[in-house]
Amino acid sequence: MTTRPRIRDLGYSPGRFTPGPKNSLLDVPGVTVGQVTIHTTPDIHTGLTVIFPRGIEKTRTLPCYGATHDLNGMGEMTGTHALNEWGFMNGPIALTNTLSVGKVYDGMFLWSLSEAAESGEDDIETMRRMNIPVVAETYDGLLNDISASVINKDTVLEAIKVSKVQSEILEGNYGGGTGMRCHGYKGGTGTASRVVPGTDGNDYTLGVLVQANHGQKPDLRIGGVPVGEILKKEEEGKGRSDELPVAGRAAEGSIIVVIITDAPLLPHQLRRIAQHAGIGIAQVGGHSAGRNFSGEIFLALSTGTSPNELASQSSGFDYLPPLEAQKVETVKNEVIDSLFYATSEATEEAILNALCKAETLTGFKGRTVEAMPVERVKELLEKYMVRV
């Protein structure tokens, strides 16, 4: 586990709301995360992150309302057609590299069917609880020999097993973020959370996990300071330049953002929540957010309410069955701004945490991507950041 600092250790605390105890997606009650990190040869540096919104025991049988948003859709997140059609999902979310989507999808589906069989469900009930696996990707082929395709069904099962005991989300070069780059530096996995006060003493938590593999150095901003532009000029002044070829720099794109909250929200509200991840990305990358070759894809889920009841007067496949209704809670529309802020703040901080925690990595074909120089960044923030 890296000992590098997070962004708050450098003196910058994004936004207005207070983080949860871990400042992590794991602050949302019930959420569990499992990460597998793979370094097997000098050329293999990749991994897998699996997120259970309600833990292993409940995620499959207690759906979450959800929605997605594409800032720029040059990427993949499977299962989104079903999610946007029904407005809910009942399975884990996996984040990995571009070439591994199919094998991870297969492993997730087989795990789900195995869990259903072990629970004693018959095949009809399993069909009624059908879930299309949600697997998202970013491209790690500059630091990882992606064509080796080392992630498989066993990797999925290992990540699921790890999720039962993992108590912290490992940031930077871990899980699906192992081989990723961000704003010209080593990037990868990052996380953050916010606590949003409610009435009658009820507080709600919103957590974010990112797999950051996007942006270019001159666009990097932290707390309004053009850190990337300053660092790039300093590096050029010392005779240093990006070691990757132009094609490698151009391939830099894509960030997956997963947002989970225990505030009760319906699909149309979660779509609006997901959109605001883009504001957090812009806080770090300015006008560069949503580049043509980027897959900036966001998923928002709520564990605060659930469409969890199967029909009692129908098998689910009957011809023109009678209607049945259930009651759900929802946040009032006029106060949703607080969740918009929380989403943007936590997304910004999660990206910065990924940059801060990531370590220099030498990988495929001997390519090296340096870690962001956190001590120099701290100096720049102390010198230029406006404090109120």
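Reader: Which residue's side chain meets that of Glu 234 in a salt bridge?

Author: Keep in mind that this is a predicted model. The pair we want comes together at 2.5 Å, N to O. It links distant parts of the chain, with Glu 234 in helix α6 and its partner in helix α11 (residues 374-384), 142 residues apart. The partner of Glu 234 is Arg 376.

Reader: Is Arg 376 buried or exposed, or something in between?

Author: Buried would need a relative accessible area under 20%, and exposed one over 50%. Arg 376 has 30%, so it falls in between. That makes Arg 376 partly exposed.

Reader: How far apart along helix α6 are Lys 232 and Glu 236?

Author: Their side chains meet in a salt bridge, at 3.5 Å from N to O. Both sit in helix α6 (residues 227-237), where they are separated by about one helical turn because they are four residues apart. So along the helix, the spacing is four residues.

Reader: What about Arg 6 and Glu 171, are they buried or exposed?

Author: Those two side chains form a salt bridge as well, at 2.9 Å, N to O. The pair bridges distant parts of the chain, as Arg 6 is in the segment before β1 (32-39) and Glu 171 is in the loop between α5 (153-163) and β7 (181-182). Arg 6 and Glu 171 are both buried.

Reader: How many salt bridges does the count come to?

Author: Some of them join up: Arg 8, Arg 194, Glu 345 and Glu 349 are linked in a network. For the count, a side-chain nitrogen of Lys or Arg has to be within 4 Å of a carboxyl oxygen of Asp or Glu. By that rule, the count is 13.

Definitions and conventions
Residues numbered from 1 in each chain as written. Predicted model: local features only at pLDDT ≥ 70, side-chain atom pairs only at ≥ 80, totals over all residues. Heavy atoms only, no water. Helix = DSSP H or I, 4+ residues; strand = E, 2+ residues; numbered from the N terminus. Buried < 20%, exposed > 50% of the residue type's maximum accessible area, 1.4 Å probe, protein only.
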